[in-house]
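Biologist: I'd like to walk through this one with you, from loops to sheets to ligand. Can you take my questions as they come?

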Amino acid sequence: NNKLRCRTVYAFAREMYPKTIKHDISYGTAGFRTRATDLSYVMYRMGLLAVLRARYKNAVIGVMITASHNPEPDNGVKLVDPMGEMLEQSWEKWATKIANVTDDKLENVINDIIAEYNIENMNDRPEIVIGKDTRPSSLHLSKAVIDGVLAMGGKPVDYGIVTTPQLHYFVVCKNTRRAYGQPTEDGYYKKLTNAFKKVRGQNFNNGNYVNRVLYDGANGVGAKKIKYLKEGLEGSLIVDMYNDEIIGSGKLNYLCGADFVKSQQKFPTGLPQDPNVRCCSVDGDADRIVYYYLDENKKFHLMDGDRIATLIAGFLKEVLEKTGISLKLGLVQTAYANGASTDYITNELKVPVACVPTGVKHLHHKALSYDIGVYFEANGHGTVVFKNSAKEKLRTALETNNLSDEQKHATERLINIIDIINETVGDAISDMLLVETILHYRGWDIKDWEKAYTDLPNKLLKVTVQDRTVITTTDAERKCVTPEGLQAEIDAIVAKYPKGRSFVRPSGTEDVVRVYAEASTSQDCDKLAAEVAKKVFELAGGTGNPPEI
Ligand code: G16
């Protein structure tokens with residue numbers, strides 16, 4: 001049986017999905033990501049790997065086909081571990097190995113994995129849950145994953161077009177035997193909307209809060225799926241949806257979506273420019289969200305992941321205090337977090353804050369070390385995770401009936417709010433419901449929200465270099481180790497600008513080096529970013545035109 005299967009695996013690989021690309025790719029920040037035309041064999045092989053991983057873990061594993069914020073011609077794939085986490089780091093090297101090996105050595109790598117992890121149950125047929133975004137290429141790439149799963153003897157469960165966080169949710173539902181929820185799209189919408197409506201109650205508006213938000217779907221899966229959510233909200237929140245072009249229009253993430261709004265710091269195309277109206281944008285696979293508005297003078301104001309994190313952490317801290325129950329709350333950020341937000345969290349909210357490298361896998365992992373961990377990247381990717389013991393403590397406190405009325409209310413509120421949150425991974429749609437819940441609770445409009453602190457002007461630039469791996473970093477990416485001398489140059493430049501801060505790192509999803517800068521004025525910030533970008537270009541082998549200062 002096994003022999004027959006092996007023959008199928010390798011015959012398929014050679015005949016249907018031959019490795020056509022010579023250069024190596026690696027499993028980066030969010031799996032493999034490159035031009036869609038280069039990915040068929042990688043997808044097939046990820047199907048194989050997913051089955052091995054599922055057999056090893058004795059659990060359902062997920063495969064998501066998406067390139068999220070990247071342009072439409074790109075695509076990508078990431079594996080989802082049993083509890084919704086990104087693929088465990090020690091397996092990333094196997095993913096890279098299996099993707100890069102020549103067709104005739106594929107068998108050897110698979111045997112190496114089986115030997116390394118002592119996978120004995122090679123006849124098991126584990127379920128592999130598969131989802132894809134709206135990219136036209138996703139269709140045939142998901143077929144390649146399915147073929148890989150079948151060839152290795154797994155059972156593909158194809159969810160079709162879904163958001164990345166929905167796929168994570170399905171995996172967790174299946175692995176918890178439905179304790180987390182029903183592993184269906186309908187189950188997902190019902191879980192979120194029922195919890196949302198319960199917390200909101202009958203008064204849809206409160207103080208300055210109005211229950212209407214403009215929603216930019218980035219012409220992607222987030223636009224398709226919000227329609228179902230809206231039905232379940234039954235008017236408790238009015239979501240006016242924009243940017244829902246048909247699949248294959250080439251408009252995905254184009255001049256719209258969370259990545260465009262955050263990195264360009266601009267209002268997206270397609271939404272009405274009404275003053276002081278609360279707007280939000282999600283990205284191409286709906287795992288990131290940012291909020292923003294235009295004021296009376298058409299000035300753009302951004303509420304990014306840092307703002308969302310501080311809104312959530314401030315709220316949780318307050319409600320937690322009201323419960324009288326002692327649980328450790330913490331917040332996790334990356335080096336991209338605006339310095340003003342970190343000051344606010346530390347000095348005003350007095351919530352412990354940690355800094356980790358870019359990539360949800362790092363943030364998620366760190367957040368799990370708190371009873372309640374809030375994590376967000378500045379780009380709007382994040383969620384809240386609760387330890388099981390923390391949930392248990394809240395439920396037990398409620399059951400024992402020793403709470404005052406205020407404590408009881410606060411505890412109930414917190415328990416209901418857990419169900420609005422997709423704890424499995426950052427989820428734009430669930431995050432939107434959480435933000436709306438908190439703004440409603442506080443009676444705030446978007447301007448009230450903005451008052452908490454003032455962002456330092458900041459800038460994100462991309463520099464193209466011959467080989468971005470020449471840049472290596474340490475200290476949660478805040479310091480550059482190689483090329484030698486670059487960090488000293490950055491330090492010297494930064495020292496010239498009040499409240500200046502800058503760092504550089506190779507992107508894990510695009511073939512560029514990212515440069516981040518912040519300073520006390522926007523002029524200084526622009527100059528600082530440009531100077532650092534120029535140094536990167538000079539010392540790290542820049543290509544094309546050097547950045548201008
Ligand atoms: C992915 C990761 C994020 C990361 C972003 C940019 O987001 O999931 O954690 O912040 O890429 O990463 P990099 O700067 O390394 O290119 P997404 O939404 O594109 O999947």
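This is a predicted model: local features need pLDDT of at least 70, side-chain atom pairs count only at pLDDT 80 or more; totals for chains, interfaces and linings use all residues.

Biologist: Where is Asn58 found?

Modeller: Asn58 has a phi near 55°, a positive value although the residue is not glycine. Most residues other than glycine have a negative phi. As for its place, helix α2 spans 40–57, and Asn58 is found in the loop between α2 and β2.

Biologist: On to the sheets: which strands stand at the edges, each with a single partner strand?

Modeller: Take the open, mixed sheet of 5 strands ordered β1-β3-β2-β4-β5. One side of each edge strand has no neighbour in the sheet, because each has a single partner, and these strands are β1 (32–35) and β5 (155–161).

Biologist: By how much are neighbouring strands of this sheet turned against each other on average?

Modeller: Strands of a sheet pair through backbone hydrogen bonds, either parallel or antiparallel. The average here ignores direction, and it comes to 15°.

Biologist: Which residue in β3 stands opposite Val63?

Modeller: Strand β2 (residues 61–65) and strand β3 (residues 74–80) run antiparallel and are joined by 4 bridges. Val63 belongs to that pairing, and the residue across from it in β3 is Leu79.

Biologist: What angle does the direction of helix α5 make with that of β4?

Modeller: Helix α5 (residues 138–151) packs on this sheet and touches β2, β3, β4 (127–132) and β5. Helix α6 (residues 164–175) lies across β2, β3, β4 and β5 as well, running at about 165° to β4. For α5 against β4, the angle is about 175°.

Biologist: Which residue in β7 does Asp216 stand opposite?

Modeller: Strand β6 (residues 212–216) runs parallel to β7, and 5 bridges join them. Asp216 faces a residue of β7, namely Tyr242.

Biologist: Now the ligand: what share of its area does the protein bury?

Modeller: Polar side-chain atoms sit at 2.7 Å for Ser68, 3.4 Å for Asp287 and 2.6 Å for Glu377, each from an oxygen atom of the ligand. Taken alone the ligand exposes 470 Å², and the buried share is 98%.

Biologist: Which of the 20 residues around the ligand come nearest?

Modeller: The shell splits into 2 nonpolar, 10 polar and 8 charged residues. Those that come nearest are His69, Glu377, Ser507, Gly508 and Thr509.

Note on methods. Residues are numbered from 1 along each chain as its sequence is written. Side-chain values use heavy atoms; hydrogens and water are left out. A residue is near a molecule or strand if one of its heavy atoms lies within 4 Å of it. A polar contact is a pair of N or O atoms within 3.5 Å; within protein, one must be able to donate a hydrogen and the other to accept it, and residues adjacent in sequence count only if both atoms are side-chain atoms. Accessible areas come from the Shrake-Rupley method with a 1.4 Å probe; for residues, only the protein chains shown count as cover. Ala, Val, Leu, Ile, Met, Phe, Trp, Tyr, Cys and Pro count as nonpolar, Asp, Glu, Lys and Arg as charged, and the others, Gly among them, as polar. Two strands pair if DSSP finds at least two bridges between them. Helices (H or I, at least four residues) and strands (E, at least two) are DSSP runs, numbered from the N terminus. Axes are lines fitted to C-alpha atoms, for helices over the stretch in contact, and angles run from 0 to 180 degrees between N-to-C directions. Contact means heavy atoms within 4.5 Å.
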